Each structure stands twice: as C-alpha cells, then as structure tokens.
Amino acid sequence: MVCKRVCVLFLLLMIALVPLQMALADDYEGDAESNYDDRLSQLDTVSSGDWLYLKQADGTLALERYQGTATDVTVPVTLDGLTVTTVDSYCFPQDTLLTITVPEGITTLAIDAFLFSPVETVTLSEGLLTIGDTAFFGCEGLTSLKIPSTVTSIGLGAFQGCDQLTEITIPEGITALADNLLCDCTSLTRLTLPASVLAIGDLALPENTALTLVAPEGSFAQQYAKEHNIAFEVREK
C-alpha cells in the first residue's frame, strides 16, 4: 500500500511539473533570442538583400542573420562579390522557414547555427567541414538531414532535441560521437556509424528502445550495441 501511495504521489508531482518544464523551455528559447539579438547589435554587420553578414579576418563572410520571410531558402555562396564560408550562430529565427539548402562552398556551421529553427528539411552539401556545438539544437520539426562525407567535426549536442529526426548517418572519419549529440531525438530509429567511430559520449544516443545501430562487423559500435542492449545491424564496409 505504501508503494502504491508513493507511486501516485510521484505521478502527481511529474504531472504538476510539466507546465513548469514547458515554461523553462520557452524561457530558454527566449533568452537565446535575446542574447543573440544583443550580440548582433554589437557586430559591425553589413546588410545585403535578405542577409546580414560579417566580414571575417580571412576576407570571407559569415552569415549572421536571414531577415526574409520565404519558406524555402538557399544560403548564398557570395554576397557583394565576397565568398561566404560560414553560417553563424542563430542565423534562422523565423517561424516561416520550412526548407534550407546549404550549397557547396559553405565550410562551417557555427555554434547554434540553426538553434530553435522550425525548419523541416536541411540539405547540406559536400565541402562542409564543421558542424558546431548545438548547431541544430531544438529543431523540433527537422525530419530530414544528410551529413556530407566531407564533415570532419560534429560538436556537442549538435542534434539535441531534434525529436522528429528518424534516421541519420555519421560519415567516415568521425572518430567519436560527442556528448549529448542525439540526446532527446526520441523518434530516431536508425543510426548508421562508420568503423572510424571509436567512442560514444555521455547521452550521445537517445533513450529509444526502437533504435538500431548500423555499422560494420567487428566495429566499436557493434560492441557498444551489445553492451548497452541496443539492436544492431551489420553494415557492409
């Protein structure tokens, strides 16, 4: 009887905390928007069409903010005759965006590049090298994303909270899955890993019983799946 009472009290407590958790999430998003707006106001940015950009030390451009209202956006590779290489932090806050194409020539998605963006599909092109920490954090509508084979670095929590993402493939050359990489990706059912992955960080994978790891026979991922009771499928090398 005592056990039943404790369980009931715990359930009631969790139900009571739901509005608080939702409010905290809203506050976090609001704080991020406010902080990045403050940061933007202090940068020496240039406006070109629907974009604000910052000239970097090497002469290339970092996109700081998309200011348009389109639902389908292609990131420019040049603005005002200068080469764009970087999508900087909190670049896409608009609630109108559905698809974004990042063309060849863009090498870096900075920390928080797509933070809380409502985008559903992002197309990344070959030539991309870096996906920064929490680059896609909180992209709750994101359903499709293919990571180019040229990517050599994927940061902490890069896809955390992308809870509509169902499958993803990590390219050859990535040696570790960073902490929180796919945390809270509750719909993820298929994660394909290369033989080069030799470490999986804390909370890097979602707590999803439907998840299957796909990797070469004899890989670190296979051993990890066995030790953590995760379904495994052999991927041909």
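Helices (H or I, at least four residues) and strands (E, at least two) are DSSP runs, numbered from the N terminus. By that rule the chain has 2 helices and 18 strands. This is a predicted model, in which local features need pLDDT of at least 70 and side-chain atom pairs count only at pLDDT 80 or more, while totals for chains, interfaces and linings use all residues. Residues are numbered from 1 along each chain as its sequence is written, and side-chain values use heavy atoms, with hydrogens and water left out.

**Whole chain.** Show the surface first. The chain exposes about 12200 Å² (Shrake-Rupley method, 1.4 Å probe; for residues, only the protein chains shown count as cover). Carbon and sulfur atoms supply 54% of that area. Of the 237 residues, 43% are buried, meaning under 20% relative accessible area with a 1.4 Å probe, protein chains only. Contacts are heavy atoms within 4.5 Å; among those with a separation of 6 or more, 28% join residues 24 or more positions apart.

**Strand 9.** Now select residues 121-124. Strand 9 has a covered face, V122 and L124, and an uncovered one, T121 and T123. On one side, strand 7 (residues 99-102) pairs with strand 9 in the parallel sense over 4 bridges. Here T99 stands opposite T121, and T101 has T123 as its bridge partner. Strand 11 (residues 144-146) also runs parallel to strand 9, joined by 3 bridges, and its S144 is the bridge partner of T121.

**The cores.** A nonpolar core is a set of buried Ala, Val, Leu, Ile, Met, Phe, Trp, Tyr and Cys residues joined through side-chain atoms within 4.5 Å. The largest has 57 residues; I131, F136, F159 and L191 have the most contacts inside it. Elements giving two or more residues to this core include strand 7, strand 9, strand 17 (212-215) and helix 2 (220-227). A second, separate core of 6 residues includes Y36, Y90, L115 and F137.

**L191.** Which residues does L191 contact, leaving aside its neighbours within four places in sequence? Select I168, I170, L177, L182, L205, L211, T212, L213 and V214 to display them.

Notes: Buried < 20%, exposed > 50% of the residue type's maximum accessible area, 1.4 Å probe, protein only. Pairing = 2+ DSSP bridges.
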